Amino acid sequence: MEKIAIYCEFDYNNRTLGDVSYELISKAFELKGQANSLCGADFEIEAVVCADELPTECIKKAYRCGANKVVLIKNRIFNVFSQTVMANAFIEYYKHNNSRIILFPATFQGRLIAPRITTILDTGLVADCTGLEFIIKDRELKLAPTRPTFGSELMATILSKKLPECATIRPNTFKIKEYENLNGEFSEIDYFTYPDYRMKLLKTLVDDKEDISDFSNAKIVLCAGLGVANNKNKEYIEKLQKLAHLIGAKFACTRKLVDFDLVSRANQIGQTGSTVQADIYVGFGVSGALQHICGMKNCKTIIAINKDENAPIFDYCDYKVVYDAKTIIDQLLTSLFDNE
Amino acid sequence: MNIVVCVKQVPDVDDIKWTKENNLDRSQMLSKINPCDEWALDYAIKIKKSKSVDNVVITVLSMGPNQAEETLRYCIAKGADRAILLSDKFFAASDTLITAKILSCAIKKFIPDFDLIITGQFALDGDTAQVPVSIAQLLNLVDANHIVDVYKIDKNQTLVAQKIDNTIRMVELQNPCLFSVKKECDKTYVPKIDDYIRAQGAAVEKYGANDLEIQKEDVGIIGSPTVVYRSFRPTIEKDTVEITENYSKTILDFLLKDK
């Protein structure tokens, strides 16, 4: 039976697997069903984790998302992140398992580990996929990842001529789906290795200059575009931040505002920023460059406000408001204060 | 100290032109140095000017068509000492693995005594951030990404600031090493007319597959493990509802629905 391996990242601070692991296992489970209906192929899904130990809750959740097997590569030195050590540990696992497909999270760690692993295996790697499916090409089952390119102006579906077929996927791209009746088996590999002494983490400091925006649990996102920053003025950006604060929403912005140094990059949504899956997204003066769209198009309800009725964002939204976004920000702030 | 800076000439993605058939019209697009790569060069120049290490020689290395020579001349105007262009029709359409192999091969051959490789975090056009990591693996180096500052450097070690979300990690790398930058350097040199004149007269070394002793079938579209199966402009069919009155009231209802 062929295997889909998921490289799962252990979060040592919270002693759990990051959500992206479950997102990838869920997607692999969907792919497994697709392969079966396309050509009757049967895949086994293996979630592979480098850590010192793995809480039972994480293992069970991985099963519920569709993992047939959870493999823990065990060593205490994994608590200090080292891309060289972890890449080699995964290679050791791979040698005995020969997975046909490997999926990696496109996180800070995943981005350092995945290309190392695929370079060692002398195979291809498709970065930041937003779509994953199987196709039949020349009578063969192929993994067909799709990714945005050219500043997201173009989507490309990329196939691998070599095995394993590998891809990285950003957090919040796919949804977690759990099934209570699914179960799997757990195995542990005691992996002995030395740290890589060529690299040392001397200190970790908190950078308070930039408040980091974690969009993973955001229910409502209010996004500022160039339309609220005429003449590179911060007034309405600050008003929108205040509005977001008042209603408990996350403030976000487009790339242009970061380029003009009006907002910190931590708030940027889009291909070179964060990806969000909020219940409600409201774009204030956002024109809708594709690099931005691909970071927010999975939000459930998209409301776009722009005075230019030809703004591209209107092709992607559920609710369209052709009006000056700044005026609406003022009106919203006024009515919030009236409510109180 | 020998510093290698890898640079790429990229189309300006903010100025994309399309043909009638909905393909990218590259002939109509302007090219420029990939912004992160220019910052990488700025860091190299900063190290050179800091005098914390002796005899710094900065080599800029690029793979691309002949026009990329322009980008390399710009790098010389900024302060690079040596420029190498890897250009060959067989290199065209190389994916990230093959690009990393070609660059690593050139580094081994033409800059074998390098101490440091600096790259940009990602390229504007492809945006995979994979080539630097692959180079590090192929040359057996330690690497760090998301670099926002170089604190200290000597012949044996490089101390860098790596920014991950809201934390700064101070990482010490043993040379030779590789790091990729994602933030502008605090010191950037803007070339003056004299610099451009000097750069026009400077030599740009050019090498192809034969010079690198690379087999044609191992590179380019044939040698690359990945292949573009199809490309398309994304379209979405949505039933958009236009709100035509009581804008702020309607929006507020959405925002306060769960409250």
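Which residue just after α4(A) takes a positive phi? In this predicted model, that residue is Asp122(A), with a phi of about 55 degrees. Helices (H or I, at least four residues) and strands (E, at least two) are DSSP runs, numbered from the N terminus. Residues are numbered from 1 along each chain as its sequence is written, and chains are lettered from A in the order in which they are written. Local features need pLDDT of at least 70, while side-chain atom pairs count only at pLDDT 80 or more.

**Helix α4**
- Of the 13 residues in α4 (108-120) of chain A, twelve are buried, meaning under 20% relative accessible area with a 1.4 Å probe, protein chains only.
- Among them are Phe108(A), Leu112(A), Ile113(A) and Ile117(A), together with Arg111(A) and Arg116(A).

- Strands β8 (131-137) and β9 (140-149) of chain A run antiparallel and are joined by seven bridges; two strands pair if DSSP finds at least two bridges between them.
- Gly131(A) stands opposite Thr146(A), and Phe134(A) has Leu143(A) as its bridge partner.
- Two residues lie between the strands of this hairpin, where Asp138(A) takes a positive phi near 50 degrees.

**Sheet across two chains**
- The open sheet has four strands in the order β8(A)-β9(A)-β10(A)-β12(B), with antiparallel pairing.
- Because β8 of chain A and β12 (226-232) of chain B each have a single partner strand, one side of each is left without a neighbour in the sheet.
- From one strand to the next, the twist averages 35 degrees; axes are lines fitted to C-alpha atoms, for helices over the stretch in contact, and angles run from 0 to 180 degrees between N-to-C directions.
- Helix α1 (19-39) of chain A packs on the sheet, touching β8 and β9 of chain A (contact means heavy atoms within 4.5 Å), and its direction makes about 20 degrees with that of β8(A).

Note on methods. Side-chain values use heavy atoms; hydrogens and water are left out. Buried means under 20% relative accessible area, exposed over 50%, partly exposed in between (1.4 Å probe, protein chains only).
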